[in-house]
Amino acid sequence: MNKKTLSERDICTKFITPAIEKSGWDKLTQLLEEVSFTDGKIYVRGKLTARGARKRADYILYYKPNIPIAIVEAKDNKHSVRAGIQQALDYAKILDIPCVFSSNGDGFVFHDRTETDGNIETELDIDSFPSPEELWQKYMKYKGIETPEAEKVAAQDYYFDGSGRNPRYYQQIAVNRTVEAITKGQDRILLVMATGTGKTYTAFQIIHRLWKSGKKKRILFLADRNALIDQTRRGDFKHFKDKMTVVKHRMIDKSYEVYLALYQGLAGADEQANAYKQFSPEFFDLIVIDECHRGSAKEDSSWREILTYFKKATHIGLTATPKETNEVSNSEYFGDPLYTYSLKQGIDDGFLAPYRVVRVNLNIDTEGWRPEQGKKDKDGNEVDDRIYNRKDFDRNLVIQERTEAVARKLTEFLKGYDRFAKTIVFCSDIDHAERMRSALSNLNADLVAQNHKYIMQITGDNDEGKRELDNFINPEETYPVIATTSELMTTGVDAQTCKVIVLDAEIKSMTKFKQIVGRGTRINEEFGKMYFTILDFRNVTDLFADKDFDGDPIRIKPVTENVDLSLVVTEEEDGKLTAVDQVTGEKIEFVKAELRYPDGSKVAGTWANKVKEPREKVYVNGVDVSVLISREMYFDNNGKPITTSLKDHTKELIKGQYFSLDDFLNRWKSTAKKEIIIKELEEQGILVEALRDAVNREVDLFDLICHVAFEQPPLTRKERANNVKKRDYFTKYGEQARKVLETLLDKYADEGVTNIESMDILKVKPLTDYGSPLEIIKQFGSKAKYLEAVRELEQELYQTGA
């Protein structure tokens, strides 16, 4: 047998797989072939989407399911035995795997990431692949697992519910690292995972493995909203069955093993309200803090009191948005994140929806508004003579026409996109949300007449709206379609099908901005939710350019006393503090205070807002408000806004890919399917659809690249098609085949080259007039000859003008 003639797949089947099995690996439970561990990034092309290539490993070897310990990259025998090692190392780093192999069927190269003394890479013959036990020992060394007790916990099985659901690779890493860290004695752990990446499922697997192994016997899961507790109880945690309870009304039953509780339900300043003290300080040995950026980051919060009381337990903090400011710090309490899976990673892997951003600038927002002399508000009072700007609007000055302009622009967008796309409008406050609902209702009267719940105000004070929140987030429910809100929907809302987010509030807090963006990042392919659009009326999306928007948090809080800026005063005492409001930037006076929860129980707070007479809003109308500019923002491969022109940005990327015009022409001519080049360019960060909009939608991608990068005059698709017709190229074909090719040429002129490359084109009119796809192909003799004719047609198309 000549190995050189075999394909890569044949090499795997005949040589690599048998060699691995021979050394003791179970093909059913330990050896997985062709493992795709990402879903492929979603690219938005107009209203359509396409997925990029998935990352795929040839082999991943598991000691137990979801505990990967080795990766093997295969090549055909024309390559050397070492040819796959670099790709395998890239994947091993992503997947947190210590043992890395490359093979061409002759033997293996073993790269041992646990070694540091010079024996990192060794060559093995085909019959010497290491056994599972050998590589498990390497894995334990890599992870620092040194005792039999730690090994037992680290090898504890995952929970399987029989549905076929398995953790994604990043969830595996988060679970395995956490369990392993706890076996080594680490008792404060922070996991940072973007909204929509399954933090609760990850927490469930961590808890279940630690609980089943006997490492942790009593567990407390803490959250700060009933919706989060209910989602957790009904969702992933339901598998704990009768071992789990939800703490309600401060009633404590110590017979359970897993407890779900609200912070507010456990703590209060009155001793009798401190329900957590009904447990002994040693009762829990594991506490998981969901959305830990909210309260546990603050040293003097009641949440921290609970954690301090149970200080001997292991504490795991979960968040998408760790809080690191001058006042509060998650990492100060939990330490640096044990694992971070960012929004950008989620989008690049295809697990989270990408976003488009449309910035809308109104004239009065950009230029400011100064009332004319003697201008009166709706109550007949004269308006203070000064220049009002975007920070004033809807907080202390309400311009009716501005609200209507925002509502009109949103309505216009939805009419051009999808009037039943689930939409959240974030407003400055409840009053603003109320007025926005009214303005949108007037502009969408036809749909509101069909169902008054088409637009709903969903805010904390509106019971009817709050009752509709579950319907809004339920993909099966059509109504409500548009929700106007202020704070209620910023977090804890699993809106799988939210396709539009509208920003019409001043948002300076990075944490809040990330949470709002997170409302749109979930994918639901069944309901066509593959991406979402942000309509920004307040330049909030400037925060995308901030280096702190994504990735690992950087601690900036000095290790000193903290202050709580978020509670309501009931009783004033001596002492005051000046601080800065994160939303408005204005200075606020704070005072020593006694604080209470809504149920009357006291909170052990330190500082709170000084009570001031509320500033009355001024309402005016008769103001000319118009849209100055509406434009889409574009982002580079790092998720940062592109600040140069789109053409200059594209030129730089293309020249990084193709050294010269000839280099590009050779690549174009040698590539059988041009869709491959489009995908390559998109993966490089080239925004093909946006570029077409910027240059000319009538030109082909070929001409776009030649024009933008190499300054060649572009030809439109129709001009290229006409050039082919002039050369009378079709005469060598029979009459029917000639008609097919002429029709394909017309299709190219209308839609571009990628459409005519697809066999599906034969199933649409007017090509169906020539018969079925099989009958059309017969006109050319065979499928191979038909495809050859299409390739020749492409060569003719690109023969002129470059």
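At what angle do helix α24 (residues 717-726) and helix α25 (residues 735-751) pack, and how far apart are their axes? The legends below take up this pair and then a second one. The model is predicted, with local features needing pLDDT of at least 70 and side-chain atom pairs counting only at pLDDT 80 or more, whereas totals for chains, interfaces and linings use all residues. Residues are numbered from 1 along each chain as its sequence is written, and side-chain values use heavy atoms, with hydrogens and water left out.

**View 1. Packing of helix α24 with helix α25.** The two helices pack at about 160 degrees with axes 7 Å apart, the axes being lines fitted to C-alpha atoms over the stretch in contact and the angles running from 0 to 180 degrees between N-to-C directions. α24 is therefore roughly antiparallel to α25 (an angle over 145 degrees).

**View 2. Residues between α24 and α25.** Contact (heavy atoms within 4.5 Å) involves R717, K718, R720, A721, V724 and K725 of α24, together with L745, D746, Y748, A749, D750 and E751 of α25. Of these residues, five are nonpolar, none is polar and seven are charged, where Ala, Val, Leu, Ile, Met, Phe, Trp, Tyr, Cys and Pro count as nonpolar, Asp, Glu, Lys and Arg as charged, and the others, Gly among them, as polar.

**View 3. Packing of helix α20 with helix α23.** Helix α20 (residues 661-670) packs against helix α23 (residues 701-710) at about 165 degrees, with the axes 11 Å apart, so that α20 is roughly antiparallel to α23. The contact joins L661, F664, L665 and W668 of α20 to L701, F702, I705, C706 and F710 of α23, and its residues comprise nine nonpolar, no polar and no charged.

How values were computed: Helices (H or I, at least four residues) and strands (E, at least two) are DSSP runs, numbered from the N terminus. Angles under 35 degrees count as roughly parallel, over 145 as roughly antiparallel, 65 to 115 as roughly perpendicular and the rest as oblique.
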